[in-house]
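This report describes the pockets of one protein model. Look at the sequence and structure first, then read on.

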Amino acid sequence: MNPENLHQEQGSNDLIPFPGEFTKLVKLTLNAYKQNFPAFLSLSIIQSVPNLIVSLLIFFTIQNDIVDLFNAIELAGEDFSITWTLMTNFFSENLNFILIALLPLFIVQGISSVVSNGGILLGSAQFCSQEKVSATICLNYVFSRVHKLIAANLLVFLLLIIPIILVLFIVGIPILIYLVVRLWFVNSSIMIENKNVFDSINNSWELVQQRWWITFVTGLGILFLSGILNLILTSTISLIFSINPASVNSLFLNSFVSLFIIPISTIATGIYFIGLRESKKY
């Protein structure tokens with residue numbers, strides 16, 4: 001499969017959902033996952049393991065400090081000066097631990113997430129091309145473009161820094177949501193169309209133009225579906241094995257469940273991206 005020629009192969013594929021066909025998107029996502037479960041699961045493991053390691057490290061070190069910080073911020077209300085002081089004190093007290101232990105792990109976690117999601121995105125394109133998803137092929141393509149993925153994600157993060165900060169003042173929330181939706185398909189553009197960093201951002205921006213609201217609602221639907229499945233699995237297993245939510249066993253449970261849930265939203269993103277791109281031709 002040549003991902004750069006996917007648009008030629010998919011033009012005759014009437015199974016690709018156009019924007020607004022959410023039921024078809026969900027059905028195709030679940031079918032893709034079911035038919036290629038081993039491949040998608042192996043790609044999901046790549047980010048699940050680092051996620052678990054980071055969670056365990058935080059749990060056994062600074063989790064209580066983090067809980068105390070958020071409780072104090074909640075009590076501070078809308079007083080930004082107190083919130084800033086609390087955050088500054090927290091980071092100054094834990095600076096060495098964050099730089100030496102957490103930061104390297106966060107970097108590994110970020111790269112593994114980019115690799116995993118990139119592979120799953122390409123896998124969704126393989127499915128839309130009516131091919132068997134191959135984790136090996138997906139990873140080969142990911143590693144050939146990982147530098148683009150990392151650079152693009154860093155650039156997107158920089159673009160979102162100010163809106164993220166403004167979230168503290170409420171006004172940043174709609175700005176952040178708007179930008180996240182417009183930049184949703186940066187990774188898809190790189191993996192499926194082999195765009196460069198700036199072209200991928202421009203491509204995502206233009207694709208969502210005049211489709212912002214339907215894309216926003218679709219994104220909410222995908223998040224809701226993933227969240228409900230996660231909640232059902234986590235709650236069921238917790239009840240069966242009487243797992244305390246505040247225990248280390250809960251971390252292993254959450255990691256185990258997320259291993260199976262992670263591919264769903266990314267597969268749906270890849271399939272929706274292809275449908276959105278095809279809709280622009282008509």
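## Largest pocket: residue classes

The lining of the largest pocket holds 23 nonpolar, 10 polar and no charged residues. Here Ala, Val, Leu, Ile, Met, Phe, Trp, Tyr, Cys and Pro count as nonpolar, Asp, Glu, Lys and Arg as charged, and the others, Gly among them, as polar.

The model is predicted: local features need pLDDT of at least 70, side-chain atom pairs count only at pLDDT 80 or more, and totals for chains, interfaces and linings use all residues. Residues are numbered from 1 along each chain as its sequence is written, and side-chain values use heavy atoms, with hydrogens and water left out.

The largest pocket contains about 1100 Å³ of space. A pocket is an open set of points on a 1 Å grid over the protein atoms alone, where a 1.4 Å probe fits, with protein on both sides within 12 Å along at least five of seven lines; lining residues have an atom within 4 Å of a point. Points are joined across faces, edges and corners, and a volume is the space filled by probe spheres set on them.

Of its 33 lining residues, Asn153, Val156, Val180, Trp184 and Asn187 are the closest to the centre. Helix 7 (135-166) is among the elements that give two or more residues, and with eight it gives the most. Helices are DSSP runs (H or I, at least four residues), numbered from the N terminus.

## Second largest pocket

About 290 Å³ of space lies in the second largest pocket. Its lining has 12 nonpolar, no polar and no charged residues, including Ile58, Phe70 and Phe106.
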